[in-house]
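Subject: A structure for you to look through

Hi there,

Here is the structure I promised to pass on to you. Please open it in your viewer and keep it beside this email while you read.

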Amino acid sequence: MSAGSRCGNSTYAKGMVHLHKNDGGHGTSFPFRGSRSFLAQIDDRPETKDLMWFREFLAGTWLLRLDARTMDGATAEEEQTISRDGSNFASWYRHFAQEDPERLSDLWTALRPVVPGLTSLKLVSSGGRGKARDLTAQLALDGHSYEIDFSELSDGQRALIVLYTLLEGVEVEQSALLLDEPECHVGLAEIQPWLVKLDEQRHEHGQVFIISHHPEAIDFLAAGSAFLFSRPGGGPARAKPAEFDRDSGLSAAQQLSRGLLDGE
């Protein structure tokens, strides 16, 4: 947090944190290094309930840049959150399947049209008496049923399974989901249905941020609440609403590539 910055009902300036009560009145002050966030050091008290809510919100934020190449099917235990690159998907799926088994039916319904032959995912024992499990894909093609290890699916298939599972397994109503380039490893014809489903599910509530450089994805996202991020002079990132010219005859991606949104 930089000098002179503000966070909810607190202020940081000249090496000092100044806490304010929920009614806006001054609470207490203490020194703190500006290279770190002081939120972790705040005690849960009646006068800091707003900061506690903000801290819980940040703790529940999902920031992901999925890399299908890192995903395998081995899992030794359940994990409540998915790692940034999705490499622990099997362990997170194991937790999701245990906690919300009633939502699996909706997941299979969504996945069957996009991963041909897929009927479900299954966790099977790796042998012995340990807790190790292998995540396998159950498939039915040409009248034959079989299963393969999750890691044997293509990069695109694994990425699609993770993306659709996120729609069922992440409660963004309570926090926010940030996805950097979800179209990686996935063809445009496959990512567009996912974007449509995401829009349908999160239209009324929840916060989802999609970062993309793909022209088709940009044009789809530009129809909603799009923001333009920039770093003038290489300094801090700035964000502002992206005001596309709907009458220019140019797509949103074309306007971005020509620098028409930042005055160039």
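Below is what I found, starting with the whole protein and then going to a few places in it.

First, some ground rules. This is a predicted model, in which local features need pLDDT of at least 70 and side-chain atom pairs count only at pLDDT 80 or more, while totals for chains, interfaces and linings use all residues. Residues are numbered from 1 along each chain as its sequence is written, and side-chain values use heavy atoms, with hydrogens and water left out.

The protein has seven helices and 13 strands; these are DSSP runs numbered from the N terminus, with helices (H or I) of at least four residues and strands (E) of at least two. Of its 264 residues, 37% count as buried (buried means under 20% relative accessible area, exposed over 50%, and partly exposed in between, with a 1.4 Å probe and protein chains only). Contact here means heavy atoms within 4.5 Å. Among contacts between residues at least 6 apart in sequence, 46% join residues at least 24 apart.

Now to helix H3, residues 104-111. Its buried residues are Leu-104, Leu-107, Trp-108, Ala-110 and Leu-111. Looking down the axis of H3, these residues fall within an arc of 165°, so they line one face of the helix (the arc is that of the directions from the helix axis to the C-beta atoms). Their cover includes helix H2 (89-99), strand E7 (118-125), helix H4 (155-169) and helix H5 (188-201).

How do the helices pack? Two packed helices are described by the angle between their axes and the distance between the axes. The axes are lines fitted to C-alpha atoms, for helices over the stretch in contact, and angles run from 0 to 180 degrees between N-to-C directions. H3 and H4 pack at about 140°, with their axes 10 Å apart. That makes H3 oblique to H4 (under 35 degrees counts as roughly parallel, over 145 as roughly antiparallel, 65 to 115 as roughly perpendicular, and the rest as oblique). On the H3 side, Asp-106, Leu-107, Ala-110 and Leu-111 meet Leu-160, Ile-161, Tyr-164, Thr-165 and Glu-168 in H4.

H4 also packs with H5, at an angle of about 5° and with the axes 11 Å apart. H4 and H5 are therefore roughly parallel to each other. Among the residues that make this contact are Leu-163 and Leu-167 of H4, and Ile-191, Trp-194 and Leu-198 of H5.

Gln-255 is in helix H7, residues 252-257. Is Gln-255 buried or exposed? Its relative accessibility is 3%, so Gln-255 counts as buried. Its side chain reaches the backbone nitrogen of Asp-245 at 3.0 Å. Not counting residues up to four places away in sequence, Gln-255 touches Phe-244, Asp-245, Ser-248, Leu-250, Leu-260 and Leu-261.

Thr-119 belongs to strand E7 and counts as partly exposed, because its relative accessibility is 30%. Leaving aside neighbours within four places in sequence, Thr-119 is in contact with Trp-108, Arg-112, Gln-138, Leu-139 and Ala-140.

Leu-63 lies in strand E5, residues 62-64. At 47% relative accessibility, Leu-63 counts as partly exposed. Beyond its neighbours within four places in sequence, Leu-63 is in contact with Arg-84 and Leu-178.

Enjoy exploring!

How values were computed:
Polar contact = N/O pair within 3.5 Å; in protein donor to acceptor, adjacent residues only side chain to side chain.
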